[in-house]
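This briefing is meant for a reader meeting the structure below for the first time. Please keep the sequence and the 3D view at hand while going through the points.

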Amino acid sequence: MESKQLNKNIKKTNAMRILDGLKISYDVREYEDNTDHEVAKGAATRTAEKLGLELEQVYKTIVMRSDKKEIFVFCQSADNEINLKKARNAANCKEINPVKPEELLALTGYVRGGCSPLGMKKQYTTFIDELATVQEEICISGGQRGIQIILNPQDLAKACNATFVDLGF
């Protein structure tokens, strides 16, 4: 896959610059974003529909805090939820919970609905659900609402120094 942008007017995001710097191929997809990003309303599912992708190809980025106040990043497909017991095991902690939406920008530099596992303010320990490895390509946020990056899951893991683990139910 050759790196390309469907719309030349899309400004490069930090996530794209990181991939470019690592010479990782990716595709960029843009979709109309209505800024409705409540988890209960299935934003990742709607993203898959808008882009014509299968749910198991679209990955949401979830930022969590442990009982030790450590921040962890989890990538899970739109058709699945993160099993908190498995997330605790991966992060080696007793408790872990999603950060509050109002904390996301300060911690990551991203807003809800535009949070990418790439290019956060700090490099947090990152886990990707192992089912991503059966996909040739997966889709993640490009770091801005309405912008998605499609790339090989192994390339994503390389770019954000992530570990593949079983996170699903």
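Glutamine 57 is found in the loop that lies between α2 (43-51) and β3, in what is a predicted model. With a relative accessibility of 18%, glutamine 57 counts as buried, because the cut-off for that class is under 20% relative accessible area. Leaving aside residues up to four places away in sequence, glutamine 57 touches Gln135, Glu137, Ile138 and Cys139.

**Salt bridges**

- A search of the whole structure finds 4 salt bridges, and three of them are described here, one by one.
- Side chains of opposite charge can pair when their charged atoms come close.
- Lysine 12 and aspartate 20 meet through their side chains in a salt bridge, with a distance of 2.6 Å from N to O; lysine 12 is partly exposed at a relative accessible area of 35%, and aspartate 20 is partly exposed at 31%.
- Arginine 65 forms a salt bridge with glutamate 103, and the closest N and O atoms of this pair are 3.0 Å apart.
- That pair links distant parts of the chain, since arginine 65 sits in strand β3 (residues 59-66) and glutamate 103 in helix α4 (residues 101-108), 38 residues apart.
- Arginine 65 counts as partly exposed at 24% relative accessibility, and glutamate 103 counts as partly exposed at 23%.
- Lysine 86 forms a salt bridge with aspartate 166, where the closest N and O atoms are 2.9 Å apart.
- Because lysine 86 lies in helix α3 (residues 84-91) and aspartate 166 in the segment after β9 (163-165), this pair ties together parts of the chain that are 80 residues apart in sequence.
- Lysine 86 is partly exposed, its relative accessible area being 26%, and aspartate 166 is partly exposed, with a value of 37%.

**Aromatic rings**

- The count of aromatic pairs comes to 2.
- Phe72, Phe74 and Phe127 form one aromatic cluster.

**Helix α5 and its ends**

- Helix α5 (residues 153-160) has Pro153, Leu156, Ala157, Ala159 and Cys160 as its buried residues.
- Seen down the axis of α5, these buried residues fall within an arc of 165°, so they line one face of the helix.
- An α-helix has 3.6 residues a turn, so residues three or four places apart point the same way.
- The cover over the buried residues of α5 includes α1 (14-21), β6, β7 (138-144), β8 (147-151) and β9.
- At the start of α5, a side-chain oxygen of asparagine 152 reaches to within 2.7 Å of the backbone nitrogen of glutamine 154.
- Just after α5, asparagine 161 takes a positive phi of about 50°.

Terms used. Residues are numbered from 1 along each chain as its sequence is written. This is a predicted model: local features need pLDDT of at least 70, side-chain atom pairs count only at pLDDT 80 or more; totals for chains, interfaces and linings use all residues. Side-chain values use heavy atoms; hydrogens and water are left out. Buried means under 20% relative accessible area, exposed over 50%, partly exposed in between (1.4 Å probe, protein chains only). Helices (H or I, at least four residues) and strands (E, at least two) are DSSP runs, numbered from the N terminus. Rings of Phe, Tyr and Trp (its six-membered ring) pair if their centres lie within 6.5 Å; planes under 30 degrees apart count as stacked, over 60 as edge-to-face and the rest as tilted. Contact means heavy atoms within 4.5 Å. The arc is that of the directions from the helix axis to the C-beta atoms. A polar contact is a pair of N or O atoms within 3.5 Å; within protein, one must be able to donate a hydrogen and the other to accept it, and residues adjacent in sequence count only if both atoms are side-chain atoms.
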